[in-house]
Amino acid sequence: MAKEKEMATIVVFSGELDRALAAFNIATTAAVMDIDVTMFFTFWGLNVVTKEKTGAGDKNQLQKMMGMMNKGGARRLKLSKMNMFGGGKAAMKKLMAEYHMPSLEEMIPMAKELGVHFLACTTSMALMGLDEKDFVSEVEDFVGAATYVEKASRSKINLFI
Amino acid sequence: MEADKVLDCIGLYCPMPIVKTAQQLNEMKDGEVLEVIADDKGIKSDMPAWTGKTGHKLLEIEEKDGEFHVFVQKRS
């Protein structure tokens, strides 16, 4: 019998660019170290994997308001520190390009290509009025906490970012 | 040391040298040797960690003028 692959699970709770970059850096590295990696996007972390234009789901008044203030899409994420109305983020992106570091928008398809699994939390989706169609194609399933806990219980590496 | 293929990772930082090494080895035949050239010194620790985990063979790390020439043999 083939040995079961080692596993890693990463909860992406945060919707900030720097935190998402850290999550994807570790996810892609683990994937090329022959580890089966699952990223579970929940709460603000959903913004990392939503399309820039959402609106497929039914939203009530509050959700519409929240949606206007909390627009998703990897390109839109802010820095957790020194964002300075986008100035800090622009500087960071410029530096990253100068040092040939892949952008988050490049890392997402790269992680997928390396076999990283993308799961989105259905509870957070309901809360924010998001539909499956609001997500980028890398997201392969829409699940609850039990799916994550079951995978985490078999994983040696388990991060909450 | 003679390599079957050379991978230029000059100017690239973690995780790209390791990711590119993995992708390149995937396209090579068992037992072939890849030379990775990198200048991110993280590679000194990262490449042994990666080969140790994946079962590829780290043959040599040569350091000259701030460049690391890393020779990895694909597992068979």
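Let's start with helix H6 (residues 145-153) of chain A, whose buried residues are A:Tyr148, A:Lys151 and A:Ala152. Looking down the axis of H6(A), you'd find those buried residues within an arc of 100°, so they line one face of the helix. Keep in mind that this is a predicted model, where local features need pLDDT of at least 70, side-chain atom pairs count only at pLDDT 80 or more, and totals for chains, interfaces and linings use all residues. Residues are numbered from 1 along each chain as its sequence is written, chains are lettered from A and ligands numbered from 1 in the order in which they are written, and side-chain values use heavy atoms, with hydrogens and water left out.

**More on H6 of chain A**

- Helices here are DSSP runs of H or I with at least four residues, and strands are runs of E with at least two, numbered from the N terminus.

**A:Leu21**

- A:Leu21 sits in helix H1 of chain A, and A:Leu21 is buried, at a relative accessible area of 14%.
- Leaving aside neighbours within four places in sequence, A:Leu21 is in contact (heavy atoms within 4.5 Å) with A:Met96, A:Pro102, A:Ser103, A:Leu104 and A:Met107.

**Helix H2 of chain B**

- H2(B), residues 43-54, has twelve residues and reaches 16 Å from its first C-alpha to its last, close to the 16 Å expected at 1.5 Å a residue (that is, 1.5 Å times one less than its number of residues).
- Its buried residues are B:Ile43, B:Met47, B:Trp50, B:Thr51 and B:Thr54.
- These cover an arc of only 95° around the axis, which puts them on the same side of H2(B); the arc is that of the directions from the helix axis to the C-beta atoms.
- B:Ser45 and B:Gly52, on the other side of H2(B), are exposed.
- Just after H2(B) comes B:Gly55, with a positive phi of about 90°.

**H1 and H2 of chain B together**

- H1(B) and H2(B) pack at an angle of about 40°, with their axes 10 Å apart.
- The contact is made by B:Pro17, B:Ile18, B:Thr21, B:Ala22 and B:Leu25 of H1(B), and by B:Ile43, B:Asp46, B:Met47 and B:Trp50 of H2(B).

Definitions and conventions:
Buried < 20%, exposed > 50% of the residue type's maximum accessible area, 1.4 Å probe, protein only. Axes fitted to C-alpha atoms, helices over the stretch in contact; angles between N-to-C directions.
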